Amino acid sequence: MTDNNRVLAIDVGNTSIKTGYFLNGILDSVNRFDVNKLNEFDSWVKNFSEVRTIMSFVVSLKHTESILKAVKNPMIIDINSDTPLLNLYESKETLGIDRI
C-alpha cells in the first residue's frame, strides 16, 4: 500500500489530541490522547511513521514542539493553508484553527 492511500489527521487541542486515520479515503479509526500524557501519544504515533500526516494546533509552544518531534514531516494546517474548503468566516484571523 502506498502512502497516498493512508492519511493520519491530528488535531491538537488544549486538553486532548484527537486523531483520525483514513484508509483509501475512508475514516478507519479515531483516537483521543490527553495532552498531559504525551508519552502515550508518542508510543502510538510511531506506528504511523510512513503515513502522510496533517496536523493543526491550538496548544502552547511547549506541547507543539514535543508533538512535532513524534511525527515525521507533517503538513501543518493554519488559516493561510490552501485547502479545498471555502472559509466564509469574516474574521478568519480570530477563528480557532480547530474550527477551520
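# Loops, core and rings: a chat

User: Where does Asn-24 sit?

Analyst: Asn-24 is in the loop between S2 and strand S3 (26-34). Keep in mind that this is a predicted model.

User: What is its phi, and is that positive or negative?

Analyst: The phi of Asn-24 is near 55°. That is a positive value, and the residue is not a glycine. Most residues other than glycine have a negative phi.

User: Which loop holds Asn-73?

Analyst: Asn-73 lies between helix H2 (61-70) and strand S5 (75-76). Asn-73 also has a positive phi, about 45°, although it is not a glycine.

User: Is Asn-73 buried or exposed?

Analyst: Exposed: the relative accessible area of Asn-73 is 66%, and the cut-off for exposed is over 50%.

User: Let's zoom out. How many helices and strands does the chain have?

Analyst: Two helices and five strands. Along the sequence, the pattern reads β-β-β-α-β-α-β.

User: How many residues are in the chain, and what percentage count as buried?

Analyst: The chain has 100 residues, and 31% count as buried.

User: What about contacts between residues 24 or more positions apart?

Analyst: They account for 41% of the contacts in the chain with a separation of 6 or more.

User: What does the confidence look like?

Analyst: The mean pLDDT is 81. Of the residues, 75% reach 70 or more.

User: Now the inside. How many residues does the largest nonpolar core have?

Analyst: It has 17 residues. Leu-8, Ile-10, Ile-17, Phe-41 and Ile-67 have the most contacts inside this core.

User: Which elements supply at least two residues each?

Analyst: Strand S1 (6-12), strand S2 (16-23), helix H1 (38-45) and strand S4 (52-57). H1 gives the largest share, four residues.

User: Which residues of H1 are buried?

Analyst: Leu-38, Phe-41, Trp-44 and Val-45 are buried in H1. They are on the same side of H1, because they cover an arc of only 125° around the axis.

User: Why do residues three or four places apart point the same way?

Analyst: An α-helix has 3.6 residues a turn, so residues at that spacing point the same way.

User: Back to Ile-10. What is Ile-10 in contact with, leaving aside neighbours within four places?

Analyst: Its partners include Ile-17, Phe-41, Val-45, Ile-54, Met-55 and Val-71. Thr-53 is another partner of Ile-10.

User: Where is Thr-53, then?

Analyst: Thr-53 is in strand S4. Thr-53 counts as buried because its relative accessibility is 4%, and buried means under 20%.

User: Which residues does Thr-53 touch, again leaving aside neighbours within four places?

Analyst: Leu-8, Ile-10, Val-71, Pro-74 and Met-75.

User: And what lies 3.1 Å from a polar atom of the Thr-53 side chain?

Analyst: The backbone oxygen of Val-51.

User: New topic: rings. How many aromatic pairs are there?

Analyst: A search of the whole structure finds five. One of them is Phe-33 with Trp-44, a tilted pair at 5.2 Å centre to centre, with 45° between the planes. The pair links distant parts of the chain. Phe-33 is in strand S3, Trp-44 is in helix H1, and they are 11 residues apart.

User: How is the pair of Trp-44 and Phe-48 arranged?

Analyst: Trp-44 and Phe-48 form a tilted pair, 4.6 Å centre to centre, with 45° between the planes. Phe-48 counts as buried, at 13% relative accessibility.

User: Which residues form the aromatic cluster?

Analyst: Tyr-21, Phe-33, Phe-41, Trp-44 and Phe-48 form one cluster.

User: Last one: where is Glu-50?

Analyst: Glu-50 is in the loop between H1 and S4. Glu-50 is partly exposed, with a relative accessible area of 43%.

User: Which side chain does Glu-50 make a polar contact with?

Analyst: The side chain of Lys-72, at 3.5 Å. As for Val-71, its C-alpha atom is 9.6 Å from that of Glu-50. Those two residues are 21 residues apart along the chain.

Technical notes
Residues numbered from 1 in each chain as written. Predicted model: local features only at pLDDT ≥ 70, side-chain atom pairs only at ≥ 80, totals over all residues. Heavy atoms only, no water. Core = buried A, V, L, I, M, F, W, Y, C linked by side-chain atoms within 4.5 Å. Buried < 20%, exposed > 50% of the residue type's maximum accessible area, 1.4 Å probe, protein only. Contact = heavy atoms within 4.5 Å. Polar contact = N/O pair within 3.5 Å; in protein donor to acceptor, adjacent residues only side chain to side chain. Arc of directions from axis to C-beta. Phe/Tyr/Trp six-rings, centres within 6.5 Å; stacked < 30°, edge-to-face > 60°. pLDDT = per-residue confidence, 0-100.
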